[in-house]
Amino acid sequence: MQAAVREVSARKPLPWLLPLPAVLVGAGIFVPLVYLLLRALEADPSTLREVVLSSRNALLLRNTLLLAGGTVVGTALLAFLLALLDVRSDLPPLLTGLVGTLPLAIPEYVGAYAFLAATGPGGTLETLLGIRVPRPGGYWGAVLVLSLFLYPYAFLNLRTALRGVDPSLEESARSLGYGPWAAFARAVLPQLKPALSAGGLLVGIHALADFASVGLLRYETFSYAIYLQYSAAFERTYAAWLALLLIGLVAGMLWTEARVVRGVRVARTGVGAQRVFRRATLGPWRWAAYGYVLALGFTSIGVPVVVLAHWMLRGPGGEAGMAGALAGTLRLAVPTALSAVVLALPIAYWSVRYPSPASAAAERVAYFGYATPPLAFALAVIFFTLRTTPALYQTLPLLIGAASLHFLSEAIGPIRAGLYQAPPHLEEAARSLGYGPVSAFLRVTFPLLRTGLLAGFALVFLSVAKDLALTTLLSPPGYTTLAVRVWGYASDAMFERAAPHGLAMIGLGVAAVGVLIRIERR
Amino acid sequence: MAVGVRLHEVTKRYGSVEAVRNLTLEVYEGEFFVLLGPSGCGKTTTLRLVAGLERPDAGEIELFGQVVSGSRWVPPEARGIGLVFQDYALFPHLRVAENVAFGLRGWRRRQAMERVAEVLDLVGLAACADRYPHELSGGEQQRVALARALAPRPRLLLLDEPLSNLDAELRKRMRAELRRIVKESQTTALFVTHDQQEAFALADRIGVLSRGRLWQVGAPEEIYHAPACRFVADFIGEATFLPGRVEAHAILTELGRFPGNGLPEGTRVELMLRPADLRIVPDPQGPGVVVDRHFRGSESLYQVRLPSGTLVRASLGEPWTLPPGTRVRLEPTSQRAVVFPVE
């Protein structure tokens, strides 16, 4: 299919308007960041050395790296076993799929808050069961909570890779004298390396960006320090430098990931039909497997829901302002997801139908925007608008624009996948049957693309609804969303007031994840 | 001759579908045996049963005198087999030489390297040892898969339509090449295909499989000229089935009398005639009319309609052609014909 697409691109000239959205996106992402860099460089060198090379920064760096590393390992362990059970065992894939995906609906900071509200004096465990469990906190608390709510990113990558491994590779290894475990280790595991590292990269990006859960769990990282700088002692140069250091860390992770994957070849050779794996019958191990999946599902999905429901029932009831916060979330997330899809469509179309180094670069720019920690990006946007168009500062359109650029990459993936299912031949066939270019697109390509567009919308919607960083820094004064409320109440330990907002967020998240699961199962 | 592979009343079900039904088969040591059948006939399942990738629901499989499925179970890695898949299944993360050396576990490094060089030489790919599978053409990948399977000196080589992904020209060349390599390595081979030309070119003996059952086993000529049943006759090569009736110790048909084969008087039969069994003679008074012609290079295949409406296929090696509409008569070239009773 790839070859056919290339052939077409060689014959057809590139419509000159097609790269325009990508250029705008690139400008929207890079101009503020460049400005951030210029601002940071304005500082005089001696203060700079003091600020950047301080012992506090060294501590933050160590903390941040340890957290990212621990979370990457934690999610990989949780997700690997789950993905293996999902693809290769006779457990119902609906169960493993739900446990592997649903935690996406629960923001990490809601999870952190639920774990805090469940434990300690007066926590859910003590009031309901009479057991007092110490509150999680510090490094291990942060690793535990982030791993429990970020593992779906690792799971989804691993599951796709496991499904894609050709069963005959393993069978060949068996025929060449390897036992079942050795054959798996030698023939299958190497194929999973790219998925493990891609999943690890995603988890790492989220762990670096998180400031809300580490804040609740009292573990200081770069992101949390930036947030403190912004909310309390707003020292611009220092904030700018922290943001740049954070971007540097992400760049380091992107580089590491590229090095890990370099030279790994996993493309299938041959063109025959691929058989699917036979699922292993677990026998007596079945109960251990069920135990693992249910325990994981209970801690990452059950605990937040039960604990929040418990605290809501204890609360005053009839939470005022909930409707306002819900409306705030929707007024932000719906237009952002729409504009992200609208921007993603031409970029995906360009890269699929007219593949070139330029179109690949356009996709990479979008991915870079996604990888840039949202706090750093928000700071850059603030600096830039205050300098050039102060009228835009703290307005909803600016927030929507920044969020669309930041989350754009999430919309490009599914739309591109949809475009691959709608090869140009189909449109050409419609043209030969008497349809004009526009009606051919609408009658043939668009219906095939619809699920991709919907998936892109749902992914961006979910991320924006969970977002705290961009919203906190860029929203108009007084603008609230469910996310802002949960985090605000929870950091003041007002657990009963946070609970209904948290449950409403989980509800929205479950709806979005439900759409994604339905699309995936089709 | 010693038996290499023995299947005894083997059955394999997938849910309610019987992929292989009560199959009994023997492959001799050193033989190139081809299982031939339409898609979905159970031939790949049979191969996977022999490899130990599937367990039979009933019956027993022996390899070189040892029970491997049935009363005893031997896992695939302990069966001493080589497997070549339709999609080659080369390990994409390993170089050609590493792929080939994969099965040489426990060999001394030097010996393993020598063996890799040896089999790569055998398949004519000594120059490609350091390449990755995706850098090779389809035919080269195919030969690497073969080399990998042969490297540990398996006693039995199992091949699952390994040529079906190659284009027509390369496929023909690889047939000869494959047979040479397998024969040179003195390995017993069980080869699965749906392509009868391939089966004819490769096989010492052919087993014809359909709907999970083995219908006939024999040398290619035997299968072609003396098919055991109507299905085999129809599936292998071109055939015309001519209705007839036994009268006075002979079979009377539209094309004349054929020997009665001792069948009881009055039996209704069908006579199978291969295109070469009939000679076409142009004859303005002849009963047949040419309706179609396919030029095949060394000969032409004609379709002739008889007065009853039966369509008969006959080949003609002459350089001149008979246009459609030409009246002809058909003369049997021999008196031997395969007869099937009509149920």
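I began at B:F32. I looked up its bridge partner in strand 8 of chain B and found B:A189. I noted that this is a predicted model.

**The pair around B:F32**

I then took in the whole pairing. Strand 3 of chain B covers residues 32-36, and strand 8 of chain B covers residues 188-193. I found 5 bridges between them. The two strands run parallel.

**The sheet they belong to**

I listed 6 strands of chain B in the order 6-7-8-3-9-10. The sheet is open, and its pairing is mixed. Which strands stand at the edges? I found strand 6 (81-84) and strand 10 (213-218) of chain B there. Each has a single partner strand, so one side of each is left without a neighbour in the sheet. I also looked up the turn between neighbouring strands of this sheet. It is 15° on average, direction ignored.

**A hairpin at one edge**

I stayed with strand 10 of chain B. Its pairing with strand 9 (residues 205-210) of chain B has 5 bridges. These two run antiparallel. I checked one bridge: B:S210 is partnered by B:R213 in strand 10. The hairpin of strands 9 and 10 of chain B has 2 residues between the strands. I noted B:R211 in this hairpin, with a positive phi near 45°.

**A second sheet in chain B**

I moved on to another sheet of chain B. It has 5 strands in the order 15-19-16-17-18. This sheet is open too, with antiparallel pairing. I looked for its edges and found strand 15 (278-282) and strand 18 (311-316) of chain B. Each of them has a single partner strand, so one side of each lacks a neighbour in the sheet. The twist averages 40° from one strand to the next.

I picked out one pair here. Strand 17 (residues 300-305) of chain B joins strand 18 of chain B through 6 bridges. They run antiparallel. In strand 18, the bridge partner of B:S300 is B:L316.

I turned to chain A.

I listed the residues that make the contact. Helix 12 of chain A brings A:F222, A:S223, A:A225, A:I226, A:Q229 and A:Y230. Helix 13 of chain A brings A:Y238, A:A239, A:L242, A:A243, A:L245 and A:L246. I sorted the residues of this contact into 10 nonpolar, 2 polar and no charged.

**Where the chains meet**

How many residues of chain A are in contact with chain B? I found 25 residues of chain A in contact with 25 residues of chain B. On the chain A side, helix 9 (167-175) and helix 10 (180-209) each supply at least two residues. Helix 9 of chain A gives the most, with 7 residues. I divided the chain A side into 10 nonpolar, 10 polar and 5 charged residues.

**Confidence**

Last, I looked up the predictor's scores. The mean pLDDT of chain B is 90. In chain B, 100% of the residues reach 70 or more. For the complex, the predictor gives an ipTM of 0.71 and a pTM of 0.79.

Technical notes
Residues are numbered from 1 along each chain as its sequence is written. Chains are lettered from A and ligands numbered from 1 in the order in which they are written. This is a predicted model: local features need pLDDT of at least 70, side-chain atom pairs count only at pLDDT 80 or more; totals for chains, interfaces and linings use all residues. Two strands pair if DSSP finds at least two bridges between them. Helices (H or I, at least four residues) and strands (E, at least two) are DSSP runs, numbered from the N terminus. Axes are lines fitted to C-alpha atoms, for helices over the stretch in contact, and angles run from 0 to 180 degrees between N-to-C directions. Two residues are in contact if their C-beta atoms, placed from the backbone, lie within 7 Å. Ala, Val, Leu, Ile, Met, Phe, Trp, Tyr, Cys and Pro count as nonpolar, Asp, Glu, Lys and Arg as charged, and the others, Gly among them, as polar. pLDDT is the predictor's confidence in each residue, from 0 to 100.
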